[in-house]
Amino acid sequence: MRDMTRADAQDLLPDLLHGRLSDGARAEVERIIASDPELAAELSLLQRVRAAHAALPTVDMSRILAVLPPSPAQGRVITAPPAVAQVDELAARRTVTRAPRIFGVVRAAAVLVLLGGGAVIARRDMRTPDVRVASSAPAESLAPIADTVQLGLGAPTDDLTVDQLRALEQDIQALDGVPSAEPDAMTNLADGEGA
Amino acid sequence: MLPSAYQTEMTDLIRAGDDAEIDRALIVRWNGGDQRAASVLVERHAQSLTRFVASLGVPQAPDEIVQDTFVKAFGSLESFRGESSLRAWLFTIARRLVLDQRRSAHRMRSHVPLEDAQSDLIAPDDVLDGVVADESAERVRDAVARLSATQRAVFTLRVVEGLSYKEIAAVASTTEGAARVHYHNAMRSVRAYLDA
């Protein structure tokens, strides 16, 4: 370790002033100052500068504290409690994981509906009495189909469980004759998926 | 007033470490939801910040700059990485706020060169008007007030606040070497003024 030079000591005068030197460094600086009146005068000047700037108006701490933002932890509690955050996270996961499964089932249902519609068209072409019965079916026989159309179009399907959708699929499979309005539902379903 | 138990805890903490360590510990506490840590941090730095801002010379009360400094600092304290000391960081924010305020005032006055505006920054009228015969405190302040903006900031931070050259470099957006040169040049200027 090299000896401290005069320039080093001069550089460290403010640190000496603020008591920031180690014992060894302070002793060395003081030794150099003792033999150098110019450095001693400079230290004296620094003391005067510091003293001249020490007397300033006191600060109103309460005024500052009043406008400080709350700590981040407090902010988190106010805006998003952990329980809510967990629920949101789970909901997001649920949406992400459920969506493909639901769409798969809905797609399967749509294919079945399309097949059913095709059958109706084919039967119409054949002009069989069964088709007339189907097209003039009473309202209660249309009820499940109306549900199918609604379910295939969007949000309400989110509320159905997979089992319900499977049951719905089985209902559709069980259908023999489908009214002529059914192919329109396919158009809507396709739009809904494309959206 | 802080509760006595908390005050004791803080006193122990302050005894235990150096300034930077204490600040870091207080920041961790504040980030963890301890709002009282903010009081301690403000108490630790408000006085020196006010002194620094006043030494830069601002048209309005330094308190407002100091208050804005703390608001800005606490607003982003969660992301404070501790690469510099909190104190140096606070001084940096304060200095930028002062410069912004000066630039804003300059724009309001218009057609005053930026250099002149920065000269205003370091020369409060009340200090420049008060020339006295002897080397009183006012004359010493006058000597410092006549320094250039950068010299004044560096000199004040070094002599009045006791910052290291590394910290000063961060505050004044310069290098340690340049900060050292500014300090010694300022020292010569102050001495020359007082000896005249």
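How many residues of chain B are in contact with chain A, and how many residues of chain A do they meet? In this predicted model, 46 residues of chain B touch 34 residues of chain A. Put together, the two chains bury about 3500 Å² between them, with carbon and sulfur atoms giving 61% of that area.

Let's turn to the polar side of the interface. Between chain B and chain A there are 14 residue pairs in polar contact, counting pairs with both residues at pLDDT 80 or more. The rule also finds 3 salt bridges across this interface. One to pick out on screen joins B:Arg180 to A:Asp11, where the closest N and O atoms are 2.5 Å apart.

Which elements of chain B give two or more residues to the side that touches chain A? They are helices H2 (19-31), H3 (36-56), H4 (62-75), H8 (137-145), H9 (149-160) and H11 (176-195) of chain B. The largest share, 10 residues, comes from H3(B). By residue type, this side of chain B divides into 20 nonpolar, 12 polar and 14 charged residues.

Now a word on confidence. Chain B has a mean pLDDT of 80, and 76% of its residues reach 70 or more. Over residues 111-134 of chain B, however, the pLDDT is below 50, although this stretch has 44 contacts in the model beyond near neighbours in sequence. Where pLDDT is low, the predicted coordinates should not be read in detail. For the complex, the predictor gives an ipTM of 0.71 and a pTM of 0.56.

Technical notes:
Residues are numbered from 1 along each chain as its sequence is written. Chains are lettered from A and ligands numbered from 1 in the order in which they are written. This is a predicted model: local features need pLDDT of at least 70, side-chain atom pairs count only at pLDDT 80 or more; totals for chains, interfaces and linings use all residues. Side-chain values use heavy atoms; hydrogens and water are left out. Contact means heavy atoms within 4.5 Å. Buried area is the accessible area (1.4 Å probe) that two parts lose on being put together, summed over both. A salt bridge is a side-chain nitrogen of Lys or Arg within 4 Å of a carboxyl oxygen of Asp or Glu. A polar contact is a pair of N or O atoms within 3.5 Å; within protein, one must be able to donate a hydrogen and the other to accept it, and residues adjacent in sequence count only if both atoms are side-chain atoms. Helices (H or I, at least four residues) and strands (E, at least two) are DSSP runs, numbered from the N terminus. Ala, Val, Leu, Ile, Met, Phe, Trp, Tyr, Cys and Pro count as nonpolar, Asp, Glu, Lys and Arg as charged, and the others, Gly among them, as polar. pLDDT is the predictor's confidence in each residue, from 0 to 100.
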